[in-house]
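I opened the model today to look up a few spots. My notes follow in the order I took them.

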Amino acid sequence: MEVTARAPGKIILAGEHAVVHGCTAVASSIDLYTSVSLRLRSEGEDTIKLQLNDIGLDFSWPVGRIKEVLSHLGSPFSSTPTSCSLETVKSLAALVDEKSFPDSKIGLASGVYAFLWLYTSILGFKPATVVVSSELPVGAGLGSSAAYCVALSAALLALSDSVKLDVSQKGWFTFKAEAELVNKWAFEGEKIIHGRPSGVDNSVSTFGNVIKFKSGVMTRIDSNMPLRMLITNTKVGRDTKALVANVSARKSRHPDAMSSMLNAIEAISDEWSTIIQSHAADDLCLSANEAKLAELMEMNQGLLFSIGVSHASIETILQTTMEYKLASKLTGAGGGGCVLTLLPTHVSGAVIDKLVEELESFGFQCFTAGIGGNGVQISFGHSS
């Protein structure tokens, strides 16, 4: 039996950084996916294999060895997600350390710990081959680790006893009632990778569409606006914790000015969610809404620059897209990472191609993506 699950990445449309200070942010799924194919093997083949295609890493563990190291977990786990203890993380690390993990990719080791934890917790010690491939760059702020945890949890649950699905269904289909369970397991995987994630990335990847969040409360909203973005990856790594700390330090030095800017960002987030939920009566109305969103993006970027989270690479992208009269803003932590450029419906493919060519000449990486599509989906009997 084979199952493939695919889960989308995410972008923050508005409100990054302000959300840390109790303001609203708006995040959306993008139609770039991480896919996980899972094939259970016959009992004679007693290994669990993990292939990370895009990274060029393959792992294989004898089932007996995993049982030996994780015997204290019991087999298999209950259907209720539980957190991975520090003691268990150490056991998982021991299993991964036995493999020759290249030093240049050691930052990805926690993703392998998350795999072993989710696999043994949901499916116990059944032999299988798991193949992961992704359209999302790692560490660029597009939710690649959450998409990985969501797709992995969905594929594992689809073949587990705790979820009953119609395996005869053809093509891609979405989870219904089981989506919440997928999300909870994915959040446990994210905790192994990130320590204290907000839960936003995995929720967007699981449920798709658009999510508004404030002070830990998430509200799912339906976008009625077909939006396309150019996403440009600066390929500049950033230290999210340091960027967040710098904003807080600036706020303590200039409390009134910073509070005003954070409140302005919140007003932008609220207006974003109002506009994308509205039904445009005709093309003219749609164009007017796109123009409003473009202005909101420009204002938001100006505020993000003012609170100190832009970067020279981001400014290069902003200047380039401005020459094409297109609005852009950073997304996520800033200091590098990715930049969003709104692609209004009237912009021709030729113009976009020319812009992409110019941006790529600087060494940046570009993707075009639809905003607010489906969350995690699964398909039985084939891999793609």
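I call a residue buried under 20% relative accessible area, exposed over 50%, and partly exposed in between, using a 1.4 Å probe and protein chains only. This is a predicted model, where local features need pLDDT of at least 70, side-chain atom pairs count only at pLDDT 80 or more, and totals for chains, interfaces and linings use all residues. Residues are numbered from 1 along each chain as its sequence is written, and side-chain values use heavy atoms, with hydrogens and water left out.

**Entry: Thr321**

Is Thr321 buried or exposed? I find it buried, because its relative accessibility is 0%. Thr321 sits in helix H10 (residues 312-323). I take helices (H or I, at least four residues) and strands (E, at least two) as DSSP runs, numbered from the N terminus. I then looked for its partners. The Thr321 side chain comes to 3.2 Å from the backbone oxygen of Leu318. Leaving out residues up to four places away in sequence, Thr321 touches Leu326, Ser328, Thr341 and Leu355. Contact here means heavy atoms within 4.5 Å.

**Entry: two positive phi values**

Most residues other than glycine have a negative phi. I noted Lys325, with phi near 55 degrees. Lys325 is in the loop between H10 and strand E10 (328-331). It counts as exposed because its relative accessibility is 77%. I also noted Ser215, where phi is near 45 degrees. Ser215 lies in the loop between strand E7 (210-214) and strand E8 (217-221). At a relative accessible area of 56%, Ser215 is exposed too.

**Entry: second largest pocket**

A pocket is an open set of points on a 1 Å grid over the protein atoms alone, where a 1.4 Å probe fits, with protein on both sides within 12 Å along at least five of seven lines; lining residues have an atom within 4 Å of a point. How much space lies in the second largest pocket? I read about 200 Å³. Lys325 and Leu326 turn up again here, among the lining residues. Helix H9 (residues 283-306) gives the largest share of the lining, five residues. By type, I count seven nonpolar, two polar and three charged residues in the lining.

**Entry: helix H2**

I checked the span of helix H2 (residues 86-97). Its 12 residues should span 16 Å at 1.5 Å a residue, and the end C-alpha atoms are 16 Å apart, which agrees. The expected span is 1.5 Å times one less than the number of residues. Its buried residues are Thr88, Ser91, Leu92, Ala93, Leu95 and Val96. Their cover includes strand E4 (57-62), helix H1 (63-69) and helix H3 (109-123).

Note on methods:
Points joined across faces, edges and corners; volume = space filled by probe spheres on them. Nonpolar A, V, L, I, M, F, W, Y, C, P; charged D, E, K, R; others polar. Polar contact = N/O pair within 3.5 Å; in protein donor to acceptor, adjacent residues only side chain to side chain.
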